[in-house]
Amino acid sequence: MYTYPYLYRQQQPSTTSNILSYANGDVNGDYIQDQVFLVGEKTPDSPYITNITLVIQDGQTNLFYSIPLKTNMGYQPRLFLGDFTGDGVDDILISMDSGGSGGYGYYYLYSFSNNQARVLFDYETFDEEYEYDVDYQNQYKVEVLNKTLGLSFIIDLSNKGSEYLSDIYNEDGTLKAPLQGSVSGLNTLYPIDFDGDGIYELFAFQRIIGQYNADGLGLVQTPLTWKGNGFFPFFNNQYVAVLGMNTEA
C-alpha cells in the first residue's frame, strides 16, 4: 500500500507562500465543499517552486490543514480532485514536473476522508514496485521484460535507420556486443475514468531508453485501478507503445 508516516498541523497559510494551484470539492466526506490549495515559494527569475505544501480548508469549520510533501520542489505544481477509491469522496492528485532531461514527474494521491490525510499513491513507491530488463537482441529486436508482472514485449528496430543500426549490429543482423537499455521512473500520470462509472483510475507512462537518455525506444503504459489497499494494473496488464516502429507483444 502506498503509505508513509507524515505529520500535518492546523494553521493559517504562510503569508510568504504563493497559491500555485486551487480546486474545490468535498474531500473530507461531510458533503460540504472544501477549498484545496497548493502553496509554495517562487524562485526569482525562474519557474522553479520550492516548499510546495498541500493546504486544505475545511468548508464546515474553516480550519486550515497543512500537509507537507516528501518531494516539495519542482515545476508547474497542479491539483486534480476526483474519486479514485469509489467511496464517493474526492481524492487529491498532486502533480509536479522535475524539469530535468529525463522528463520525470512527481506524483502523490491523497485521501482526506474525515480530515485524516492518507497517501494512496506515491511515485517513488511506484518506481520501486516494478523491475525491468531491456535487452537488445539479434535481428534488430529489443526485448522489454517486466520481471515483476512476468510480461514481455518485443520492439522491432528495423526502421530506426542504417546509421543507428550499424553502430549496434553486424551486416548479418547479429549484435556486435551485448547491449542493455532501461525503463525510466514515472514520467507522466493521468487521471482517467476508463469505464465511465465516475471513479477515476490512473494511467502511468514510463520511457523505454536505449543506448542513452535521448534514445527513446517507446513507452511502457500501465493502467492502474484501486483495489482496496493500493493501485494495481488492470488484469495484471501493461502495454508498450512505439511511435513509428513495428512492435510485437
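Which residues form one aromatic cluster? Before I answer, let me say that what we are looking at is a predicted model. The cluster is made up of Tyr190, Phe194, Phe203, Phe205, Phe234 and Phe235, and across the model the count of aromatic pairs comes to 18.

One of those pairs I would like to show you in detail, namely Phe84 with Tyr200, which is tilted, with 5.7 Å centre to centre and 40° between the planes. The two residues are 116 residues apart, Phe84 sitting in the loop between β6 (75-82) and β7 (91-97), and Tyr200 in the loop between β14 (188-192) and β15 (201-209), so that the pair links distant parts of the chain. Phe84 counts as buried because its relative accessibility is 1%, under the 20% limit, whereas Tyr200, at 26%, counts as partly exposed.

Turning to the core, the largest nonpolar core has 59 residues, of which Leu54, Ile92, Ile94, Tyr110 and Phe121 touch the most other members. Strand β8 (residues 105-111) gives the largest share of this core, with 5 residues. If we leave aside residues up to four places away in sequence, Ile94 touches Leu38, Leu54, Leu69, Arg78, Leu79, Tyr106, Tyr107, Tyr108 and Tyr110.

As for the chain overall, its secondary structure comes to 2 helices and 19 strands, and 47% of its 249 residues count as buried. The chain exposes about 12100 Å², with carbon and sulfur atoms supplying 49% of that area. Finally, on charge, there are 11 positive and 31 negative side chains, and the centres of these two sets lie 5 Å apart.

Methods. Residues numbered from 1 in each chain as written. Predicted model: local features only at pLDDT ≥ 70, side-chain atom pairs only at ≥ 80, totals over all residues. Heavy atoms only, no water. Core = buried A, V, L, I, M, F, W, Y, C linked by side-chain atoms within 4.5 Å. Buried < 20%, exposed > 50% of the residue type's maximum accessible area, 1.4 Å probe, protein only. Helix = DSSP H or I, 4+ residues; strand = E, 2+ residues; numbered from the N terminus. Contact = heavy atoms within 4.5 Å. Areas by Shrake-Rupley, 256 points an atom, 1.4 Å probe, with all protein chains shown as cover. Lys, Arg positive; Asp, Glu negative; His and termini not counted. Charge placed at Lys NZ, Arg CZ, Asp CG, Glu CD. Phe/Tyr/Trp six-rings, centres within 6.5 Å; stacked < 30°, edge-to-face > 60°.
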